[in-house]
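Q: Please take a close look at one part of this structure. I would like to know how its aromatic rings pair and what surrounds them.

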Amino acid sequence: MSFVRLLLAASVSLTLVACSNSGTGPTDGPVASVSQVGGDEVFKGAWLDTPYEIPAAEFVDTDGNPVSWPSDGLPKPVTIVFFGYTNCDDGFCQTQTANAAAVVRGLDPAIRDQVAIVVITSDPARDTAPVLREWLDLYGSDIIGLTGDLEVIQAAGMVLGVQVDDPPSPIPAEGYAVGHGTQLIGFGPNGTAPVLWLPETPLADIRADIETLLNGDW
C-alpha cells in the first residue's frame, strides 16, 4: 500500500446512507468504512480496504429461476450490484440504474461482453418478478433483476454494506418509501468487490475502474 493510500485510508471514510429513511432496519445496520481514493493509481471510485465477498443468499430472478449465492457465482467477470426498488420516489434508484446501464453501453464491445448489472429489489413485497422486469427494461433488457424474501435481501445487504429498511407498519394507504444504500458495488473476476461508486461518481471513472477490475491490477 502506497503512502498516499495509507494516508487516505486513515483520514477519509464514507458512511453509506439510505436514499430514504421512512422505514426501520436492523439496529446494527452496516456502516461501510472505505478509502476515497478518487484519482489514485488503482481505483477512481471508493476503494474498500477489505473487499466484500459474495453473500450467502437465495434469490429468484425475473424469469422465475432460482439464484443461489455464492454457489451459482456472478453472471460475468465484472458484475455491478445495486439495491433499489421500482417505487423509489427520490430518484436515486432511477439515477443509479441508469448510470450503470450507461456505463456498460459506453464500454468497448470486447469489455462490455464481460460486464453484467444485477439489481436486487429492496422492496420485494411490491416488486414481483414481472413488476421488476418491466421497470428494469426501461434501462436495459439485459439487466438482471433479483427478488426474494426481505430477510434474505436484508442479510445480503448487510454483508455488502447496504442497509435495507423494513417497510413501515402499518402500511400507509398512500404508499411508502424504503430506505437503502445508493452505492453501486463493483465485483471483479475473483468474486470479490474492492470498489464502490456513489451517485456523483463520473461515468468515465466507473468505466476506468471496470477495466482495472478486468485487468486484475489491484
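A: In this predicted model, F59 and W69 are both buried. The two residues form an aromatic pair of the edge-to-face kind, with 5.1 Å from centre to centre and 80° between the planes. The angle settles the label, because planes over 60 degrees apart count as edge-to-face. F59 belongs to strand β3 (residues 57-61) and W69 to strand β4 (residues 66-69); the pair links distant parts of the chain, 10 residues apart.

The count of aromatic pairs comes to three. Another of them joins F43 and W218, whose ring centres are 6.1 Å apart and whose planes meet at 50°, so this pair is tilted. F43 sits in the loop between β1 (35-36) and β2 (46-53), while W218 sits in the segment after α6 (203-215), so the pair ties together parts 175 residues apart in sequence. As for burial, F43 has a relative accessible area of 0% and is buried. W218, at 34% relative accessibility, counts as partly exposed.

Strand β2 also holds Y52. Y52 is buried, with a relative accessible area of 11%. Its C-alpha is 9.4 Å from that of G186, although Y52 and G186 are 134 residues apart in sequence.

Strand β3, the strand of F59, is also among the elements that cover the buried residues of helix α4; the others include α2 (92-105), β6 (115-121) and β7 (144-147). Helix α4 spans residues 129-136, and its buried residues are A129, L132, R133, W135 and L136. Viewed down the axis of α4, these buried residues fall within an arc of 165°, so they line one face of the helix. P130 and E134 are exposed and are carried on the face of α4 turned away from the buried side.

In the tilted pair of F43 and W218, F43 is buried, whereas W218 is partly exposed.

Notes
Residues numbered from 1 in each chain as written. Predicted model: local features only at pLDDT ≥ 70, side-chain atom pairs only at ≥ 80, totals over all residues. Heavy atoms only, no water. Phe/Tyr/Trp six-rings, centres within 6.5 Å; stacked < 30°, edge-to-face > 60°. Helix = DSSP H or I, 4+ residues; strand = E, 2+ residues; numbered from the N terminus. Buried < 20%, exposed > 50% of the residue type's maximum accessible area, 1.4 Å probe, protein only. Arc of directions from axis to C-beta. Contact = heavy atoms within 4.5 Å.
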